[in-house]
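Hello,

Here is the model I promised to pass on to you. My notes on it follow just below the structure.

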Amino acid sequence: MNHLKIGMIGFGEAARAFASGWTRPDGAVFFAYDIKIADPRSASQIVAACDEFDVRYADEARQALSGAGLIFSVVTADQALPAARNAASWLEAGALYFDCNSCSPSAKIIAAEAIEAAGGRYVDIAVMSPVHPARHLTPLLVSGPHAEAAIETLEHLGMKPKSAGEKVGQASSIKMLRSVIIKGMEALTAESMLAARRVGVENAVIASLQASDPGIDWAKRSSYNLERMMVHGARRAAEMREVAATVRDLGLPDRMSAAIADWQDEIAALSVPADIDDLGSRADSILERMDKERDKGATAIR
């Protein structure tokens with residue numbers, strides 16, 4: 001691990017959270033490449049984040065990946081496969097490629113083929129909870145033929161990996177199918193609470209839920225669920241499309257996963273600030289923006 005080059009593809013919230021807490025081996029050098037570096041509107045933010053977490057920013061993928069013994073891919077779900085194919089061009093022989101993205105098992109298998117064909121060692125990683133506040137200590141599931149070596153390496157960085165099996169796709173399957181429940185509860189919250197707020201019965205609905213299941217603080221959880229969609233809905237929608245693909249690949253209907261993706265996308269697209277944590281205020285803000293968008297659409301049709 002000493003004097004090792006570590007490359008990161010994507011330097012958003014998750015990558016920054018990992019980098020902020022890693023145990024740094026002596027002489028190790030960290031590089032990050034993010035496609036947003038090419039956009040003047042976001043480049044300064046990427047550079048500032050790299051400076052904050054003692055990571056060298058790269059203007060192109062080659063600079064971050066050439067000679068790297070470890071590579072962390074932490075991009076959006078729709079960019080995971082292109083990122084793997086691009087990385088294959090610059091891989092060091094034997095490099096461990098940690099695919100930390102929320103993708104279907106079938107997508108990860110295709111990515112693994114590209115990495116392995118280039119001489120790399122592909123590792124399926126599932127990030128199993130929000131990266132804050134745990135940062136690098138966020139629970140990880142690891143699967144694939146190189147899982148044992150991957151776990152040892154991740155532990156050297158101070159991370160908390162756990163084996164999910166020896167096949168690529170096992171870790172991601174757990175992540176994907178868990179998300180039907182987690183992201184589905186968020187979508188259900190939006191549909192229920194926005195409608196309840198519209199007619200002024202949200203307190204009664206919350207009280208009924210609280211009586212049925214007192215182990216959950218329903219008001220607090222409902223507000224949290226809305227916040228997740230408001231802030232991270234676009235990324236969650238992309239993940240749920242991967243979940244839908246996972247379910248379809250198993251020969252099962254994906255109607256719930258597809259609907260969840262639609263709700264996540266719709267709430268995220270409203271760009272409503274989530275700085276107020278009161279459930280009623282969040283619901284009002286969303287409803288107000290939804291009404292404006294509906295009226296705008298009706299005007300355009302006329």
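This is a predicted model: local features need pLDDT of at least 70, side-chain atom pairs count only at pLDDT 80 or more; totals for chains, interfaces and linings use all residues.

Residues are numbered from 1 along each chain as its sequence is written, and side-chain values use heavy atoms, with hydrogens and water left out.

**Overall build**

The protein has eleven helices and eight strands; these are DSSP runs numbered from the N terminus, with helices being H or I of at least four residues and strands E of at least two. Its radius of gyration is 21 Å, close to the 19 Å from the globule rule for 302 residues, so the protein is as compact as a globular protein of that length. That radius is taken over C-alpha atoms, and the rule is 2.2 Å times the number of residues to the power 0.38. Along the principal axes, the C-alpha atoms fill a box of roughly 60 × 40 × 40 Å.

Of the 302 residues, 49% count as buried (under 20% relative accessible area; exposed is over 50%, and partly exposed lies in between, with a 1.4 Å probe and protein chains only). Taking contacts (heavy atoms within 4.5 Å) between residues at least 6 apart in sequence, 68% join residues at least 24 apart.

**Two domains**

An automatic or database domain assignment divides the protein into domain 1 (5-168) and domain 2 (173-300). Where the two meet, the contact takes 14 residues from domain 1 and 15 residues from domain 2. Their C-alpha centres lie 29 Å apart.

**A look at helix α9**

Which residues does His232 touch, leaving aside those up to four places away in sequence? They are Glu13 and Glu227. His232 sits in helix α9 (residues 218-249) and counts as buried, at 10% relative accessibility.

Ala238 is also found in helix α9, and with a relative accessible area of 17% this alanine is buried. Gln210 is 28 residues from Ala238 along the chain, and their C-alpha atoms are separated by 32 Å.

Happy to talk any of this through.

Best wishes
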